[in-house]
Every structure is written in structure tokens, then in C-alpha cells.
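Reader: I have a structure to go through and I'm new to it. Can we take it piece by piece?

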Amino acid sequence: MPDPIKVEMVVNGVSHVAVVEARKTLADYLREDCSTTGVHLGCEHGACGACTILLDGVAVRSCLLFAVQARGADVTTVEGLVNPDGTLSVVQEAFRDCHGLQCGFCTPGFIVTVTALLSETTDLDLDVIRRELAGNLCRCTGYQGIVAAVQQAARRTGVSISDLSS
């Protein structure tokens, strides 16, 4: 059994230090050691997207990484996306307003994915939205409310949306 390894990272703006087993996933570290319960574990194979986080600003599946791989990183979970005054982010508001959630299990992963998408682009169309959401699975909504939420959040953040008739 390998020796435990010290990991340090910033999670949602707070510095965290822990000693973990080498094979502890980042998802488990975030849930167990950082109490970020918005990181959901659905498949633990990277297929469902429920565990999506921002790792140095890039959307990644935290179940596919070991905690030691994130040493020194800046990690943002859905809990870290709220505004400094505690109000919901634009993406969170759009999901609420457009009924882009039902049971809520997949919602954190979608919100993180959409937040990353909107930070990386200035122009979207329905094909891009659908392609970018393809890595996140939802069993309840049928995706219409989720797509509407992406469109609303894009409009609110100044991202251009074209080809709405697709």
C-alpha cells in the first residue's frame, strides 16, 4: 500500500490541506474532506457528468481524477459559483427560471458545465449547446428546460445565440 500523500488546493476560494491515499478520487476528496456535497457521484466512470467541477477554470469530471492530480489547483464546485453576496449566479438563476432541473441530481454538473461553456465562448447555436451538454445525463427533464436555461444565461451574459430554429 503506497504511503498517503499531502495535497493542498484551493476549493471554492478556501485553502484545503489533507493527507490522502494515492488512489482517492478528487470527487471523494471534495465530498469527504471539503464537504462539497454538490459534487454528485452518479456513475464514477465519467459518463454522467454529475461530478463536473472547474479545475483551474476548465470543466472536468472529478471522478476521473485522483486528488493528488489536483495539488496546487484552484477548484470550483457548484457551491463556489454563487455570487459573493450569496445570491445565485446567472446560470443558477436561469436553471431555476427555465425549470432546467427536476430531481436536482444532475443539476450541479450541468450548471458547472454551462458556466465553463459561457466563459469560453461569445457565440452559440443550438448544435453547440446540445454538443456541449452531451456529456451530462439527465433522466428527468427531457433537456428542453436545460437548453432553455443555457439560452437564457447566454443572453444575460452577452453571449450571442444564433440559429434558434434548429
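Reader: Is His 16 buried or exposed?
Author: His 16 is buried, at a relative accessible area of 18%. Buried means under 20% relative accessible area, exposed means over 50%, and partly exposed is in between, with a 1.4 Å probe and protein chains only. This is a predicted model, where local features need pLDDT of at least 70 and side-chain atom pairs count only at pLDDT 80 or more, while totals for chains, interfaces and linings use all residues. Residues are numbered from 1 along each chain as its sequence is written, and side-chain values use heavy atoms, with hydrogens and water left out.

Reader: Where is His 16, and what does His 16 touch?
Author: His 16 is in strand S2, residues 14-20. Strands (E, at least two residues) and helices (H or I, at least four) are DSSP runs, numbered from the N terminus. Leaving aside residues up to four places away in sequence, His 16 touches Val 7, Glu 8, Met 9, Val 11, Tyr 29, Asp 33 and Cys 34. Contact here means heavy atoms within 4.5 Å.

Reader: How far apart are the C-alpha atoms of His 16 and Cys 34?
Author: They are separated by 7.4 Å, and the two residues are 18 apart along the chain.

Reader: Cysteines, then. How many disulfides are there?
Author: Zero, in a search of the whole structure. A disulfide is counted when a pair of cysteine sulfur atoms lies within 2.5 Å.

Reader: Which residues line the largest pocket?
Author: Among them are Cys 43, Cys 48, Cys 106 and Cys 138, together with Phe 105, Leu 137 and Arg 139. A pocket is found on a 1 Å grid over the protein atoms alone, as an open set of points where a 1.4 Å probe fits, with protein on both sides within 12 Å along at least five of seven lines; lining residues have an atom within 4 Å of a point.

Reader: How much space lies in the largest pocket?
Author: About 210 Å³. Grid points are joined across faces, edges and corners, and the volume is the space filled by probe spheres set on the points.

Reader: Now the largest nonpolar core. How many residues?
Author: The largest nonpolar core has 29 residues, and Phe 95, Leu 118, Leu 124 and Leu 133 have the most contacts inside it. Helices H2 (90-97), H3 (107-120), H4 (126-133) and H5 (144-156) each give two or more residues to this core. The largest share, seven residues, comes from H3. A nonpolar core is a set of buried Ala, Val, Leu, Ile, Met, Phe, Trp, Tyr and Cys residues joined through side-chain atoms within 4.5 Å.

Reader: What does Leu 118 touch?
Author: Beyond residues up to four places away in sequence, Leu 118 touches Val 91, Leu 124, Ala 153, Ala 154, Thr 157 and Val 159. A second, separate core has 22 residues, including Ala 18, Cys 51, Cys 63 and Ala 73.

Reader: Last one. Where is Gly 38?
Author: Gly 38 is in the loop between helix H1 (26-32) and strand S3 (52-55). Gly 38 is buried, with a relative accessible area of 12%.
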